[in-house]
Amino acid sequence: MKSEQYKEALGQIETLIEEETDLIAGLSNIAAILHNSFKFWWTGFYLVKSENERDVLVVGPFQGPVACNRIQNGKGICGTAWKTKGTIIVDNVHEVENHIACSEESKSEIVVPLISDNVVVGVLDVDSERFSCFNEVDQQYLEQISQLITKKLWS
Ligand code: SME
């Protein structure tokens, strides 16, 4: 069952994060744990960076096919989750006008913001090649993982 798989993945992530304080090392292995536990299509992070006095999401550690490098605030599902500071679940990405198609294979998506001191510092983005892959169980555990990440790797 999905929640059992998440509990196992969460345990691995907790152990990893106890021993690893480097941001890139931590995020890389968290992406690998989630991606390989669930066989998602794309699993990874976009991180908020300041470029030319403007904040933008830049692709970070991920597993899966090549993805777009940068996403502006409010653009795509990732940019919308950043702007609204909330998790977004999309059952069918083809029906969302604002969706940024990095891969034709992606059918559904969940994006969870990483929030540190009330500021979005990045997003966790997961894509599936199945429609309606994500529900409140994914949201609950991925939000828990996102909180763990900002608590341990951003402080
Ligand atoms: N689909 C995302 C872009 C990132 S890729 O899926 C990896 C979006 O609409 O924001």
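This is a predicted model: local features need pLDDT of at least 70, side-chain atom pairs count only at pLDDT 80 or more; totals for chains, interfaces and linings use all residues.

Q: What about E109, how far is a polar side-chain atom of E109 from a nitrogen atom of the ligand?
A: The distance is 3.1 Å, and here the protein atom belongs to the side chain of E109.

Q: How much of the ligand does the protein bury?
A: The protein buries 99% of the 300 Å² that the ligand exposes when taken alone.

Q: How many residues surround the ligand, and which are the closest?
A: There are 13 residues around the ligand. The closest are I77, C78, I100, E109 and D127.

Q: What classes do the residues of that shell divide into?
A: The shell around the ligand has eight nonpolar residues, three charged residues and two polar residues.

Q: Which elements each supply at least two residues of the shell?
A: They are the strand β1 (42-51), the helix α3 (76-84) and the strand β6 (119-128).

Q: And which element gives the most to the shell?
A: That is α3, which gives three residues to the shell around the ligand.

Q: Changing topic, how many cavities of 30 Å³ or more does the structure hold?
A: The structure holds one cavity of that kind.

Q: How much space lies in the largest cavity?
A: About 180 Å³ of space lies in the largest cavity.

Q: Where does the ligand sit?
A: The ligand sits in the largest cavity.

Q: How many residues line the largest cavity, and which lie nearest its centre?
A: The lining has 19 residues. Those nearest the centre of the cavity are I100, C102, E109, D125 and D127.

Q: Which elements give two or more residues to that lining?
A: The elements are β1, α3 and β6. The largest share of the lining comes from α3, with three residues.

Q: Last one: what is the lining of the largest cavity like by class?
A: The lining of the largest cavity has 12 nonpolar residues, four polar residues and three charged residues.

Key:
Residues are numbered from 1 along each chain as its sequence is written. Side-chain values use heavy atoms; hydrogens and water are left out. A residue is near a molecule or strand if one of its heavy atoms lies within 4 Å of it. A polar contact is a pair of N or O atoms within 3.5 Å; within protein, one must be able to donate a hydrogen and the other to accept it, and residues adjacent in sequence count only if both atoms are side-chain atoms. Accessible areas come from the Shrake-Rupley method with a 1.4 Å probe; for residues, only the protein chains shown count as cover. On a 1 Å grid over the protein atoms alone, a cavity is a set of points where a 1.4 Å probe fits but cannot get out, and a pocket is an open set with protein on both sides within 12 Å along at least five of seven lines; lining residues have an atom within 4 Å of a point. A molecule sits in a cavity or pocket if more than half of its atoms lie within 2 Å of its grid points. Helices (H or I, at least four residues) and strands (E, at least two) are DSSP runs, numbered from the N terminus. Ala, Val, Leu, Ile, Met, Phe, Trp, Tyr, Cys and Pro count as nonpolar, Asp, Glu, Lys and Arg as charged, and the others, Gly among them, as polar. Grid points are joined across faces, edges and corners, and a volume is the space filled by probe spheres set on the points.
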